[in-house]
Amino acid sequence: METNVNVQNNDEVEIDLREILFVLLDKLLVILLVGVLAAGLAFLGTKLFITPKYQSETSIYVMSKKNEESTASANDYVTSNYMTKDYQELITSRPVLEQVIADLDLDFSTGALKGMITVENKENTRIIAITITDTNPERARKIADAVRATSAVKIKEVMGIENVNVVEPASLSSSPVSPNVFKNMIIGGALGIILAM
């Protein structure tokens, strides 16, 4: 008896699922229209209410000491790699940030400027990339160049480094890195479909 009841309950669940599926298929056009409408709203919201942000990247090459010979020793290479963490800290240090703010006459606090800076050591190299994220692409480029130049002086001064060379000057971004309009439209459309279902 109990086995029959379970079978009947399972049959009822299958019938309910089929009914739900038929209802969804019957309303498929409405569900898709809601999804498209939600994607459109996400597009408009992204374009109208989210400020685009641009990035400018510059990079420097740091040697632990002046390289007077044609090749550096293995010890110099290991030391330079180890010390890149120190260089990264110096790049975002308060004196560097204050000098950049003064040089460019920026209306930012040191904390706000630090939040715009990303410092990354390229893997297995002595190259340090400095990336600035800002709402103004030209200002991002100017800040990147200023941070690079000011931090190079600070690294030489504090660490006793003689060689801090420019690998790549700051770039001027022509397209924003955020927001991602397409991604927001996909998320909006998916949420609209889920809500409609």
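Which residues make a nonpolar surface patch of about 750 Å²?

## The patch on the outside

In this predicted model, the answer is Leu 37, Leu 41, Phe 43, Leu 44, Leu 48, Phe 49 and Ile 50. Take Leu 48 as an example: you'll find Leu 48 in helix H2, which covers residues 28-49. Leu 48 counts as exposed because its relative accessibility is 62%, and the cut-off for exposed is over 50%.

## The core

Now for the inside. The largest nonpolar core has 28 residues, and the ones touching the most other members are Val 62, Ile 91, Leu 113, Ile 117, Ile 132, Val 147 and Ile 155. Strands E1, E2 and E3 each give two or more residues to this core, and so do helices H3, H4, H5 and H6.

Val 147 shows how the pieces meet. Skipping its neighbours within four places in sequence, Val 147 is in contact with Ile 91, Val 96, Val 100, Ile 117, Ile 130 and Ile 132.

## Salt bridges

There are six salt bridges in the whole structure. In helix H4, Glu 98 and Arg 94 sit four residues apart, about one turn of the helix, and their closest N and O atoms are 3.2 Å apart. Arg 94 is exposed at 52%, while Glu 98 is partly exposed at 37%.

Asp 134 pairs with Arg 139, at 2.5 Å between the closest N and O atoms. Here Asp 134 is buried, with a relative accessible area of 6%, whereas Arg 139 is partly exposed at 29%. Over in helix H6, Arg 141 and Glu 138 are three residues apart and meet at 2.4 Å, N to O.

Methods. Residues numbered from 1 in each chain as written. Predicted model: local features only at pLDDT ≥ 70, side-chain atom pairs only at ≥ 80, totals over all residues. Heavy atoms only, no water. Core = buried A, V, L, I, M, F, W, Y, C linked by side-chain atoms within 4.5 Å. Buried < 20%, exposed > 50% of the residue type's maximum accessible area, 1.4 Å probe, protein only. Contact = heavy atoms within 4.5 Å. Patch = residues over 30% accessible without salt bridge, like charges linked within 9 Å, V, L, I, M, F, W, Y side chains within 5 Å. Areas by Shrake-Rupley, 256 points an atom, 1.4 Å probe, with all protein chains shown as cover. Salt bridge = Lys/Arg side-chain N within 4 Å of Asp/Glu carboxyl O.
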